[in-house]
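Hello,

Here is the structure I promised to pass on. Please open it alongside this email, and my notes follow below.

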Amino acid sequence: MERHFERDLEELKQRLLWMGSLAERAVHQAVHAVLDAEEHLAEIVLSEEDAINEMQIEIDERVQRLLALQQPMAADLRFLLAVSRINGDLERIGDQAVNIAQSAMRVLRHPQVKPYVDLPRMSELAEGMVRDSLNALVRGDIDLARSVLQRDDQVDRLRDQLFRELLTYMMENSAVVFAAFELILVAKNLERIGDHATNIAEDVIYFVAGRDVRHPALDRR
Amino acid sequence: MASATQGKHPAAERIAPEVRMTEPTPTGSEKDSPLRFKISNLDVFYGPKQAVFGLNLNIPKSKITALIGPSGCGKSTFLRTLNRMNETIRNTRVEGEILLDGQHIHGMDVVGLRRRVGMVFQRPNPFPKSIYENVAYGLRVNGFKGRLDDLVEHSLRRAALWEEVKDYLKKSAFALSGGQQQRLCIARALAVDPEVLLLDEPCSALDPVTTAKIEELMFQLKDSCTMAIVTHNMQQAARASDFTAFMLDGKLIEHSETSKLFTTPTDPRTEAYITGRFG
């Protein structure tokens, strides 16, 4: 017999995934506002920010209620703790998307600094990390979660590469400083999105295997 | 506008009455604690029916060990084996080894064993005597010659009951509430200064406030008294014990630190039981 607690957990998971899809779409639209020079995409991101914030509050309330009323144990407890943390990460991803959208609106007032090569790669990587971390949650797939952790270094390398390249543009031509600086901010925000996806993947590993892999240097369990 | 110090929530004061200046001492694991009981290959039979199968378990000193499992899994049978209470049931047979501080309990004088290993039952069972006599009885039986009044008071204080009954010591124990009766039974057990206290669902008939008192009492007592508690209340096991053993069909399935067992159990049967998916 399925208990209503299990239905509540499933419903919570679905709400979290919905929030994840909103955050993921916001990132995609914000980056494409820059890449495709589509300002209206940035406006959509700004207008949908509240929806993500409302989801965060709703999910927090659901978690709080289930913790208080059901006093969950073991995998159920780990799931709720993971959802609570993932909820925070998804909201932050939504904020990073808003930052990118705001940069997009500013950068579009200037001529394009350079052809975009690394930025789309970085964006694909970061979006893929968010998507896969949530897929790992749905499937309880630790290997997929681990692959997200491994991809974080690639995002960091692309950010460093982009920084260096944009610095050379700025040094050569002071007229591009404003736009190049905005692109650096976009890269920085994408890198942070990768970090949040990494956090989500770590929470999935905690939920599925009960292992805390957040700080490997501490060598716990 | 209210200042930061005004209107502080009582819960916040309870949690952080002052800034903690020293690092808290982590709870030791079983490995760090000397053993009180060492149980090896324990089988218990009621006539032809076997109730406990090849159980191996260590109960560390000055810790609380909780025994959980569905009804009929053998946890109460196991608990009663530790002070040979099962011997009062006909056709009970016990095989295997139970060492208390390194000594075989089956080689001990049973009265002496039960003085060292006291027991509190599910339903409070005070004697039909006064509150005072309930506590003093065990002392008299054990030939205690000292100042009885002092020891009765000491035991009632240890059981967190003194303040509530000190003016009514001559009253019948049955005049007390259920929670008070249960604490009186604990005081009675504590009077003979046992090294171990076995508690068989001591709170199942009590309300949450009284249950909290008993749990607090257990926490206060554990430095001087090792405890093993059978409980059906998972939250109680999680709150009140240092170690938890999960039993199923007479077998010990998993035994580990309580914090680990309730967050990351290793056996899927433990997981299923504590998350309420069976049992």
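**What turned up: chain B, then chain A**

Leu35(B) sits opposite Pro60(B), a residue of strand 2 of chain B. Please keep in mind that this is a predicted model.

That pair belongs to a hairpin. Strand 1 (residues 35–46) and strand 2 of chain B run antiparallel and are joined by eight bridges. Two residues lie between the strands of this hairpin, and Gly47(B) in the turn has a positive phi of about 60°.

Strand 1 of chain B also pairs with strand 4 of chain B. Eight bridges join them, and they run antiparallel. Val44(B) has Val94(B) in strand 4 of chain B as its bridge partner. Strand 4 (residues 92–100) of chain B is in turn joined to strand 5 of chain B by two bridges, again antiparallel. There, Leu100(B) is partnered with Gln103(B) in strand 5 of chain B.

Put together, this is an open sheet of four strands in chain B, in the order 2-1-4-5, with antiparallel pairing. Its edges are strand 2 (49–60) and strand 5 (103–104) of chain B, each pairing on one side only.

**The six-stranded sheet of chain B**

Chain B has another open sheet. Six strands form it, in the order 6-7-8-3-9-10, and the pairing is mixed. From one strand to the next, the twist averages 20°.

Look at strand 3 (residues 64–68) and strand 9 (residues 243–248) of chain B. They pair in the parallel sense, over four bridges. Leu67(B) stands opposite Ala245(B) in strand 9 of chain B.

Which helix lies across strand 6 and strand 7 of chain B? Helix 7 (residues 178–191) of chain B does, running at about 170° to strand 6 of chain B.

Helix 7 of chain B also packs on helix 4 (residues 131–141) of chain B. The angle is about 25°, and the axes are 7 Å apart. The two helices of chain B, helix 4 and helix 7, are therefore roughly parallel. Helix 4 of chain B passes helix 7 of chain B in a right-handed crossing. From helix 4 of chain B, the residues in contact are Ile131(B), Asn134(B), Val135(B), Gly138(B) and Leu139(B); from helix 7 of chain B, they are Leu184(B), Ala187(B), Arg188(B) and Ala191(B).

Some totals for chain B. It has eleven helices and ten strands. Of its 279 residues, 40% are buried. Among contacts in chain B with a separation of 6 or more, 69% are between residues 24 or more positions apart.

**The helices of chain A**

Start with helix 5 (residues 142–172) of chain A. This helix has 31 residues and reaches 46 Å from first C-alpha to last, close to the 45 Å expected at 1.5 Å a residue. Buried residues in helix 5 of chain A include Ala145(A), Val148(A), Arg151(A), Val155(A) and Leu158(A). Arg159(A), Leu162(A) and Leu166(A) in that helix are also buried.

What do the buried residues of helix 5 of chain A pack against? They pack against helix 4 (118–139) and helix 6 (177–209) of chain A.

Helix 4 and helix 6 of chain A also meet each other. Their axes come within 9 Å and cross at roughly 20°. That makes these two helices of chain A, helix 4 and helix 6, roughly parallel. The crossing of helix 4 and helix 6 of chain A is left-handed. Among the residues that meet are Leu119(A), Met122(A) and Ala126(A) from helix 4 of chain A, and Leu183(A), Leu190(A) and Ile193(A) from helix 6 of chain A.

Is Met129(A) buried or exposed? Met129(A) is buried, because 26 other C-beta atoms lie within 10 Å, and 20 or more is the cut-off. Leaving out residues up to four places away in sequence, Met129(A) touches Val148(A), Arg151(A), Gly194(A) and Ala197(A). Val148(A) and Arg151(A) are among the buried residues of helix 5 of chain A.

Best wishes

Key. Residues numbered from 1 in each chain as written. Chains lettered and ligands numbered in written order. Predicted model: local features only at pLDDT ≥ 70, side-chain atom pairs only at ≥ 80, totals over all residues. Pairing = 2+ DSSP bridges. Axes fitted to C-alpha atoms, helices over the stretch in contact; angles between N-to-C directions. Contact = placed C-beta atoms within 7 Å. Expected span 1.5 Å × (residues − 1). Buried ≥ 20, exposed ≤ 12 C-beta atoms within 10 Å, placed from the backbone. Parallel < 35°, antiparallel > 145°, perpendicular 65-115°, else oblique. Left-handed = near helix turned anticlockwise from the far one by under 90°.
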